[in-house]
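Here are my notes on the structure shown below, as numbered points.

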Amino acid sequence: MDILLTGVVRSGTTLACHLLNKLPGTVALHEPMNPATLVGLDDQGRLDAVAAACAGWRRSLLADRTATCMAVAGAVPDNPYGDARGADGLRRSVVSLEEVRFDKPLDPDFTLVVKHPNAFTALLPLLVTRFACRAVVRNPLATLLSMNSTQANWTRGHVPMAEAFDGELAAALDAEPDAVARQVRIVAWAFGRYSRWLPRGAVIRYEDMIATGGAALAAVAPAAAALAEPLTARNTNPLYDRGLVEDLAARVLGADGAWQEHYSRADVTALRDALLAG
C-alpha cells in the first residue's frame, strides 16, 4: 500500500517517518522526490508521476532494500534540523539526498509512506482521488515558533513548493507585506486543506504522537499501535523569545480557523502561558 504523508511545516512529519521506519513491513521516505518536476504537468500527469515514483521506490526497496531520500548518515532522522544555531539565531537543515538502506524483510505488498509537506498539502484535493493520504498537525503556536527558529523559506513567510501548485496561496502571500502574517496564513491554509479534504481520523496531532510513544501513528500504519518509544515534546522550548511568543499567540487567538478542529483556544493559551512562565 502506498500512503502519502503531509503536514503543517515543522509539525513532526519527519519524526513520524523516523518512527514508522521502526515498524516491520513499513518504509517511510522523507521527501524523496523533487516536486518541481510535477509543476508543468496536468492533473492526470501529476497523479501518474507520483504513482510511477512510488512504483520505482518499491522496485528498488524490494530489489536491494535501498531508496534515495533526504537523510543524515544514511538514515531518516527524527528532526531534519540540528540544534546548533547560526549567528542569526536560526537552526540549519542537516539532511541531504542520500541512498538509505532499510534492512528489514519486505513483502511485495509492504507499506510505503512518502512524505512531502508543502507540495502534498497543495496537491491534496488531487492526491486524495487516487492515494491514501494522511497529515500531521501541531499546536499552531508551537508550529509558528518552530518556523521562526529554523532557516528556511518559511522563515520569511513563503513556501515555494506549495505556492507553485496553489496560485491563490501564492497571490495571498505576495499581497501580504508582513512576514509573520504570511507565516500565520501558511499555517491557516494548511489546516484548512486538511479540514476540507481529509477525514478527521486521517489527521494525527504531534502532541498525541509524542504522548503515545508513536502509537498514534496507527492512523498511518496499523502496526504503529505497538510503538512505545520514549519521546519528549519540544513545544515548550525555553529559548523562544518572549515577545515573539506573545505576538504569535495573539495572532493565532485573534482569528478563527480550521486549526480549532484540532486545538482549542485553551490549548494555545496554555502553551503561551507555559512558555512565558519558563
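1. Helix H10 (242-253) and helix H11 (265-277) touch through two sets of residues. From H10 come Arg242, Val245, Glu246, Ala249, Val252 and Leu253, and from H11 come Arg265, Val268, Thr269, Arg272, Leu275, Leu276 and Ala277. Contact means heavy atoms within 4.5 Å. By class, this contact has eight nonpolar, one polar and four charged residues. Ala, Val, Leu, Ile, Met, Phe, Trp, Tyr, Cys and Pro count as nonpolar, Asp, Glu, Lys and Arg as charged, and the others, Gly among them, as polar. Helices (H or I, at least four residues) and strands (E, at least two) are DSSP runs, numbered from the N terminus.

2. On provenance: this is a predicted model, in which local features need pLDDT of at least 70 and side-chain atom pairs count only at pLDDT 80 or more, while totals for chains, interfaces and linings use all residues. Residues are numbered from 1 along each chain as its sequence is written, and side-chain values use heavy atoms, with hydrogens and water left out.

3. The axes of H10 and H11 come within 10 Å and cross at roughly 170 degrees. Axes are lines fitted to C-alpha atoms, for helices over the stretch in contact, and angles run from 0 to 180 degrees between N-to-C directions. The two helices are therefore roughly antiparallel to each other. The classes are: under 35 degrees roughly parallel, over 145 roughly antiparallel, 65 to 115 roughly perpendicular, and the rest oblique.

4. H11 also packs against helix H5 (residues 140-147), at an angle of about 50 degrees and with the axes 8 Å apart. That makes H5 oblique to H11. On the H5 side the contact is made by Pro140, Leu141, Ala142 and Leu145, and on the H11 side by Val268, Leu271, Arg272 and Leu275. Its residues divide into seven nonpolar, no polar and one charged.

5. How many residues of helix H1 (residues 13-20) are buried? Seven of the eight are, and the helix is mostly covered. Buried means under 20% relative accessible area, exposed over 50%, and partly exposed in between (1.4 Å probe, protein chains only). The buried residues are Thr13, Thr14, Leu15, Ala16, Cys17, Leu19 and Leu20. They pack against strands E1 (2-7), E2 (26-30), E7 (111-115) and E8 (132-137), and against helices H3 (117-122) and H9 (206-211).

6. A search of the whole structure finds two aromatic pairs. In one of them, Phe191 and Tyr263 have ring centres 6.3 Å apart and planes at 85 degrees, so the pair is edge-to-face. The criterion covers rings of Phe, Tyr and Trp (its six-membered ring) with centres within 6.5 Å; planes under 30 degrees apart count as stacked, over 60 as edge-to-face and the rest as tilted. Phe191 lies in helix H8 (residues 179-197) and Tyr263 in the loop between H10 and H11, so the pair ties together parts that are 72 residues apart in sequence. Phe191 is buried at a relative accessible area of 1%, and Tyr263 is buried at 2%.

7. Two arginines sit over ring faces. Arg58 lies over Phe110, at 4.4 Å from the ring centre, and Arg138 lies over Tyr206, at 4.5 Å from the ring centre. The test requires NZ of Lys or CZ of Arg within 6 Å of the ring centre and within 35 degrees of the ring normal.

8. Most residues other than glycine have a negative phi. Glu31, in the loop between E2 and helix H2 (43-64), has a positive phi near 50 degrees. Ala73, in the loop between strand E3 (66-71) and strand E4 (81-85), also has a positive phi near 50 degrees. Glu31 counts as partly exposed at 27% relative accessibility, whereas Ala73 counts as exposed at 76%.

9. Leaving aside neighbours within four places in sequence, His116 is in contact with Leu5, Thr6, Glu31, Pro32, Met33, Pro35 and Thr121. Met33 is 83 residues from His116 along the chain, and their C-alpha atoms are separated by 8.3 Å.
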